[in-house]
Structures are given as structure tokens and as C-alpha cells.
Amino acid sequence: MTRFLLRRLLLTIPVLIGVATLVFSLIHLVPGDPVQTMLGESASPQDVAQLRTRLGLDRPLLQQYGSFVGGAVRGDLGTSLRTNQPVTTVILERMPATLELAFAAMLVAVTIAIPLGIIAAVRAGTRVDHVATSLALVGISMPTFWLGPLLAIIFSVALGWLPVSGRGTPAHLVLPAITLGAPLAAILARMTRASVIEELRELYVLAARARGVSQARAVLAHAFRNSLIPIVTVIGLQFGAVLTGAVITETIFAWPGVGRLLVQSISARDYPAVQGCILLIAVTYVTMNLLIDLLYGFLDPRIRYE
């Protein structure tokens, strides 16, 4: 286990360096001058030159890249050009809101998908299965940038039941969580259905039924338990996708998280903040993949790490 963990941690280093290099290269190819954006179009050339020198944007790109990578290794992601605060501090301030939304969305997805997938698997080929599969297809087909405004129009504008934007009370969390969790629930439900159907065809399930085990226990304690590895894999990968999907959802509902920070930073040409947000998303994906691999051993004792 220790050797496996060390090897995986070492393999993440080139991945993160590659992500940092790609992000740094692409962000500097985006048209626009952040200094001109900060000072406005009426700023004098002298003021623009002085601010560019103070921010270090007049240095060669290789030197800027070296400073960025060296600072990232030390946990220093630079200073935000928009707020003049350390990027690490700004991200840490926004991170609780994003995590709150991510866990709420995953709770919505799991609560809907697992029961729906199990019922569809047990009733495979019946009308119940067709209805569940159709609901999953509808969920997959609804993008968040369409579902979010639709829910806001219905439940906030028309009915007045829920607030349309901001963060503060549990009511503010409902619409963003549903918007982000519904498409994930559709994907997870289809995976749960396929995995449980495959396990229900195995001989050990038939043997359990022959011994007098109830259908519910055979499905939940045997088939579902042994189908958890692909389901957990999808859940882990979806948690990483929640952070990227939160960019749109947080913008729609003015949710003060990392996703909205990323959009605001892109609009302001805030290079350090954009690089920090995307690097955080990459680290989250890598961490979730590592945790999923470690969780496999607990779900299936036959798995050995080499």
C-alpha cells in the first residue's frame, strides 16, 4: 500500500506540471491587457508602464513561468490583479461555498440515482425500467446552463418559493444543488442499473435466493454491494466534474464560490487567479482518482496494490 501510494503521488507531479504549463500558456494567449483593464482606457502610457512593471508583467514569459511554478510549489499562487490579495487567500475564502454546493449536488445525485438504478435493474425490461431509463435520458440531455434558468423562472420568479441568487440560508442551496446534481444523477442511475443487472445474473445471487434469502436482501446485500466499484468510480469522477460544472451553476445563481471567481477572473484578465483556480480543479481530479483507487481495496478485499 505504501509503495503504491508513493508511486501514485510521484506520478501526479508531471501531471500537475503539465496542467500548470498548459494553463499558463493559454491564459497568456487570451487577447486583452489586464493592466489596461485595471486602469481603464483613459490611462496614460506612463501609468500603464509603471503598473505593468510593478506587477511583473513586463518580464519575459519564461521568467514569469518560473516564478509561477516556483511559487506554486511553495503554496504561493501569486497576487490577484483584481483584488490585490494573495490568490491562495481568495480561493480559500471561496472554497467553503463550492464544497457546500458540491456535496449538496452529490447528495441530490446519489439520493435520486441509487434507488432509481436499483429499481430499474430489478424490474429490467418492464414498464418501470422504461420509465426510469427515460428519466435518466432526460436528465442527461438537460445542460446546466438551460436547467438552471428554467428552475429559477419557475420556482423563484413565477412561484416565489425559493431565492434566485446568493448564499446564506438552506433555501439558497436548493436550486443550485438540483441544477448541478440532476444531470449527474442521470449518469449515475444508468451506471447503477447496468452494474446491478450484471451482478443479478451471477450464480451467487441465484444461490442466495435458493437458500431462502429474500429478494430485497439478495439485491442490496449481495448484488448491489458487489457492484459498488464501478458506481464508486463514477461518483468519484463526478465529484471532480462538479467543480467544473459549478462554474456555470455558480454564475447563474450568483453563488460565491470558486467557479464564479474563475469567471470573474477571466473577465478581468486576472492571470494569477485564473491559474490558481484551474490548478485547484486539476489537483481535485488527481486527488479524487487517488482516493478512488485506495477505496477499491476496502470495497473488494481481493484487490492487491502493487
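The largest cavity in this predicted model holds about 30 Å³ of space. A search of the whole structure finds one cavity of 30 Å³ or more.

The lining of the largest cavity consists of Thr 98, Leu 243, Val 258, Gly 259, Leu 280 and Ile 281. Two elements each give two or more residues to this lining, namely α12, which spans 258-267, and α13, which spans 271-299. By class, four of the lining residues are nonpolar and two are polar, while none is charged.

Two packed helices are described by the angle between their axes and the distance between the axes. Helix α6 comprises residues 127-141, and helix α8 comprises residues 170-200. Their axes come within 7 Å and cross at roughly 140 degrees.

Helix α6 contributes Asp 129, Thr 133, Ala 136, Leu 137, Gly 139 and Ile 140. Helix α8 contributes Pro 183, Ala 186, Ile 187, Arg 190 and Arg 193. Taken together, the residues of the contact of α6 with α8 comprise six nonpolar, two polar and three charged. The lining of the largest cavity, by contrast, has no charged residues.

Note on methods
Residues numbered from 1 in each chain as written. Predicted model: local features only at pLDDT ≥ 70, side-chain atom pairs only at ≥ 80, totals over all residues. Heavy atoms only, no water. Axes fitted to C-alpha atoms, helices over the stretch in contact; angles between N-to-C directions. Helix = DSSP H or I, 4+ residues; strand = E, 2+ residues; numbered from the N terminus. Contact = heavy atoms within 4.5 Å. Nonpolar A, V, L, I, M, F, W, Y, C, P; charged D, E, K, R; others polar. 1 Å grid on protein atoms, 1.4 Å probe; cavity = no way out; pocket = protein on both sides within 12 Å on 5 of 7 lines; lining within 4 Å. Points joined across faces, edges and corners; volume = space filled by probe spheres on them.
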